[in-house]
Amino acid sequence: TTMRQAGKLFRPFRWRSGYLTRLNSSAEQSSANKGSQSGTTDDSDAAKANFEEKNTLQLAEQLKEAESKYLRSLADAENMRKRFQDQIADAKLYGIQNFAKDLLEVADTLERASETIESSEDVARSEHLRSLFNGVEMTASLLQKVFSRNGLVKITPDGENFDPTFHEAVFCQEFVGKKPDTVAVVMNPGYLLHGRTIRPAQVGVVKGTA
């Protein structure tokens, strides 16, 4: 009887001991699971951070490239605008160039007529010739004023250094007392339109010594 009573007393203790063992085992398993989950979470966070960093760098590179293209487009547009402005300015300045060239023939004709009448011996005796000469001179002078108002300037480079930009050498020969490579004779005057040669002066040039 005493032994039975003692067994009854120790039986609950053995149950409690097994229960405690199971509790400890469950706790250890739970702790291991939490450790595994923590490691998985850390790896996931690191991968996410790495992806975000790469994405940020890629976006920054794309932004830099887009900005560079935008600046190049602005520069191209500005250059095109300046070219158009230059073309418009040239059209305003030199749009009358062909018309002016045609008028030069009129000016040449008036100048030759004036020189012919003035060299005539009859001009002093003939009132008619004097009136004609005065009329031609006035017309030629008025035409030169019109030229000047529109930027068309006459050049007669007698004695100047020969410059192929403004002069056309018709002949070249020695002239006593004149400096070589200078204009000795102006056969036909030249004209500039706003500084641009539209007809070079036809000249004779002093030949230089060898």
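**Notebook: a sheet and a core**

I began with strand β3 and found that four bridges join it to strand β6, residues 201–206, with the two strands running antiparallel. I note here that the model is predicted.

Next I looked up the whole sheet. Three strands make it up, in the order β2-β6-β3, and the sheet is open with mixed pairing. I checked the edges: β2 (167–173) and β3 (183–188) are the edge strands, each pairing on one side only. On average, neighbouring strands of this sheet are turned by 30° against each other, direction ignored.

Which residue of β6 stands opposite Asn188? I found Gln202 there. Is Asn188 buried or exposed? Asn188 counts as buried because its relative accessibility is 16%, and buried means under 20%. Leaving out residues up to four places away in sequence, I listed Asp108, Arg199, Ala201 and Gln202 as the residues that Asn188 touches.

I turned to the largest nonpolar core, which has 15 residues. Leu104, Phe147, Leu152, Tyr191 and Ile198 have the most contacts inside this core. I looked up where the core residues come from: α2 (97–119), α3 (127–149) and β4 (190–193) each supply at least two. The largest share, five residues, comes from α2.

Last, I looked up the contacts of Tyr191. Again not counting residues up to four places away in sequence, Tyr191 touches Leu104, Phe147, Leu152 and Ile198, among others. Its list also includes Ala107, Gln144, Lys154 and Arg196. Arg199 is one of the residues touched by Tyr191, and Arg199 is also among those touched by Asn188.

Technical notes
Residues numbered from 1 in each chain as written. Predicted model: local features only at pLDDT ≥ 70, side-chain atom pairs only at ≥ 80, totals over all residues. Heavy atoms only, no water. Pairing = 2+ DSSP bridges. Axes fitted to C-alpha atoms, helices over the stretch in contact; angles between N-to-C directions. Buried < 20%, exposed > 50% of the residue type's maximum accessible area, 1.4 Å probe, protein only. Contact = heavy atoms within 4.5 Å. Core = buried A, V, L, I, M, F, W, Y, C linked by side-chain atoms within 4.5 Å.
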